[in-house]
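Dear colleague,

I am handing over the structure below, followed by a written account of what was found in it. Please read the two side by side.

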Amino acid sequence: MAGSYDYTPAPRARRYAIIATVVTAVLCVISQIGMTFDGLEFGFLMLPTLAIYLWPTGANPILSVLGIFLLGFFQDYLSYGPTGLWPVTWLVLFLIYRPDLRDTSQFLLWQWVGAAIVLACVWAFQIALAKFVLASSVNVKSLTLSVLIMLVVFPVFYLIREYSARLFGNRNDFYYESPAR
Amino acid sequence: MLGDSQQGNRGRFVFPIIGGLLVIIAFLFLLSSRGGDNGVETVASTAAHSAPKSPSMGIADKIIVPLAVMTMPFRGVEKMIGEGRARSDVYAENARLKARLSQLSDAEMRANALAMKIKRFETLLSADVGLDIPAQKIAGRVVSENNGPFARSALLNVGTNAGVRNGHAVMTEQALYGHIVAVGKRSSRVLLLEDINSRIAVMSPRSEARAIMVGTNTVEPKLLFVARDADWKDGDVIVTSGDEGVLPRGLPVGVMKQRGADKRGVVLSSLGQAVDWVWVYPFEPIQTPEQDSAQQDIADKDTADENEMGTPSGVEVPAAVPTEDG
């Protein structure tokens with residue numbers, strides 16, 4: 001499959017990567033907000049993961065991967081968690097779920113199912129990291145709850161992203177630009 | 001277009017290589033924070049490497065204001081739901097509080113009598129065994145509470161500008177909330193008692209049995225390092241023992257819950273309600289003799305340097321006072 005690298009002009013690709021990095025940095029700050037009801041903690045810790053999932057496919061891959069690396073450490077710093085946890089998680093996600101192989105369907109339900117699969121994989125990956133690499137205990141309930149909350153807010157998040165993409169330029173700007181389009 | 005295509009081909013090979021390298025680097029960082037004592041934050045260790053201002057809090061200082069604004073609606077919702085719940089059982093709560101008040105007025109009378117007695121003994125023995133808990137407190141607002149799966153911490157909107165230092169105890173209205181692990185100019189980070197890296201020396205006021213309360217990243221920390229003959233009973237009130245010489249003794253923590261033959265959990269008193277405002281207790285930790293003498297050496301050196309540089313102009317040097325020896 002021909003990658004997005006062939007069709008996105010370099011300056012625009014760089015711009016997408018920078019925009020995505022800045023937006024994700026803001027989401028990292030927002031993800032620190034949490035609420036507690038009846039001993040249950042509701043948080044948006046997985047919010048930046050959704051941004052990685054919906055990373056612009058036309059973004060410069062080198063800049064993107066560097067941006068995600070730095071964003072991971074930023075998230076570790078903000079959440080006071082083990083250093084390296086988020087960069088490893090997001091980079092592995094980004095390298096496996098490569099932008100040039102992504103589905104660019106605009107169908108919300110399809111994207112929702114995709115997000116559920118990705119979040120479930122991130123959930124399992126982080127538990128495995130905590131158990132086998134960090135040798136430390138993880139609050140599975142809290143992790144599961146943050147995944148479920150993200151699934152609930154995903155449609156809103158997706159629509160905001162779509163709307164912003166249209167507002168700030170051509171809708172296709174944030175997607176893989178195929179010559180067939 | 002050809003240029004873009006060439007760049008694309010190059011990117012296709014470089015991307016996985018750079019990506020892979022970055023994963024390895026991040027993984028090495030992760031390995032370095034693996035288990036052991038690396039991330040463990042006992043109050044003593046926090047206070048030992050306490051700097052007046054931690055440089056790592058620079059970013060937190062900058063994001064504290066937007067974060068405070070963003071959390072406001074969430075704190076409001078949290079408070080509203082909490083208050084709604086409280087209203088639903090207001091009569092039962094009122095009756096319970098009245099009963100408690102009558103008990104406490106008797107206890108207050110006894111406490112006052114005891115305080116007078118202790119003061120008299122102190123005067124007789126010329127000893128000062130006053131309370132460790134400082135009278136002066138610093139009020140701070142919890143801007144964000146991170147109850148994530150891997151860490152539990154909170155960000156306060158007070159820092160060195162208000163006199164907050166590493167190792168200071170942080171209290172809610174009810175009980176101990178955590179201790180300060182990083183301080184910026186206008187912000188500070190609190191490591192909550194539930195965090196897996198939290199270690200606090202505690203005791204039972206009833207039996208004076210000691211233990212270390214260790215966080216588990218869940219709502220219930222556990223008691224470890226309990227002596228075989230220690231007298232712990234289900235329902236025992238737990239307070240800080242101050243044995244690490246950093247936290248004051250007697251700060252309420254929670255209640256002990258027996259979870260098995262050798263398993264003891266702690267039901268924290270600070271949990272169960274929305275935490276908004278907290279108190280930072282500026283307790284000065286007891287220094288080790290080594291630290292104490294090191295500080296004395298620095299002070300001596302400073303004095304010697306000042307003497308070598310000479311007396312600043314305008315300062316009168318007092319004439320040497322002749323001693324009896326001449």
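Between chain A and chain B of this predicted model, the count of salt bridges is zero; a salt bridge here is a side-chain nitrogen of Lys or Arg within 4 Å of a carboxyl oxygen of Asp or Glu. The interface of these two chains does hold four residue pairs in polar contact, both residues being at pLDDT 80 or more. A polar contact is a pair of N or O atoms within 3.5 Å; within protein, one must be able to donate a hydrogen and the other to accept it, and residues adjacent in sequence count only if both atoms are side-chain atoms.

Helices (H or I, at least four residues) and strands (E, at least two) are DSSP runs, numbered from the N terminus.

Together the two chains bury about 4900 Å², of which 68% lies on carbon and sulfur atoms. Buried area is the accessible area (1.4 Å probe) that two parts lose on being put together, summed over both.

As to conventions, residues are numbered from 1 along each chain as its sequence is written, and chains are lettered from A and ligands numbered from 1 in the order in which they are written. In this predicted model local features need pLDDT of at least 70 and side-chain atom pairs count only at pLDDT 80 or more, while totals for chains, interfaces and linings use all residues; side-chain values use heavy atoms, with hydrogens and water left out.

Of its 181 residues, 59% count as buried; buried means under 20% relative accessible area, exposed over 50%, and partly exposed in between (1.4 Å probe, protein chains only). Among contacts in chain A with a separation of 6 or more, 73% are between residues 24 or more positions apart.

The mean pLDDT of chain A is 81, and 81% of the residues score at least 70; pLDDT is the predictor's confidence in each residue, from 0 to 100. Residues 1-6 of chain A stay under 50, and the model gives them 24 contacts beyond four places in sequence. Residues 176-181 of chain A are also below 50, with 19 contacts beyond near neighbours in sequence.

Leu63(A) belongs to helix 3 of chain A and is partly exposed, at a relative accessible area of 31%. Leaving aside neighbours within four places in sequence, Leu63(A) is in contact with Arg14(A) and Ala17(A). The C-alpha atoms of Leu63(A) and Ala17(A) are 6.1 Å apart, although 46 residues separate the two along the chain.

Over all chains, the search finds eight salt bridges. One of them joins Glu194(B) and Arg152(B) at 3.5 Å, N to O. Glu194(B) lies in the loop between strand 6 (188-192) and strand 7 (198-203) of chain B and Arg152(B) in strand 3 (residues 152-156), so this pair ties together parts 42 residues apart in sequence. Both Glu194(B) and Arg152(B) are buried.

A second pairing is that of Asp236(B) with Arg206(B), at 2.8 Å, N to O. Asp236(B) is buried at 6% relative accessibility, whereas Arg206(B) is partly exposed at 43%. Asp243(B) and Arg210(B) likewise form a salt bridge, at 2.9 Å, N to O; Asp243(B) is in the loop between strand 10 (237-240) and strand 11 (252-258) of chain B, and Arg210(B) is in strand 8.

Yours sincerely

Key
Contact means heavy atoms within 4.5 Å.
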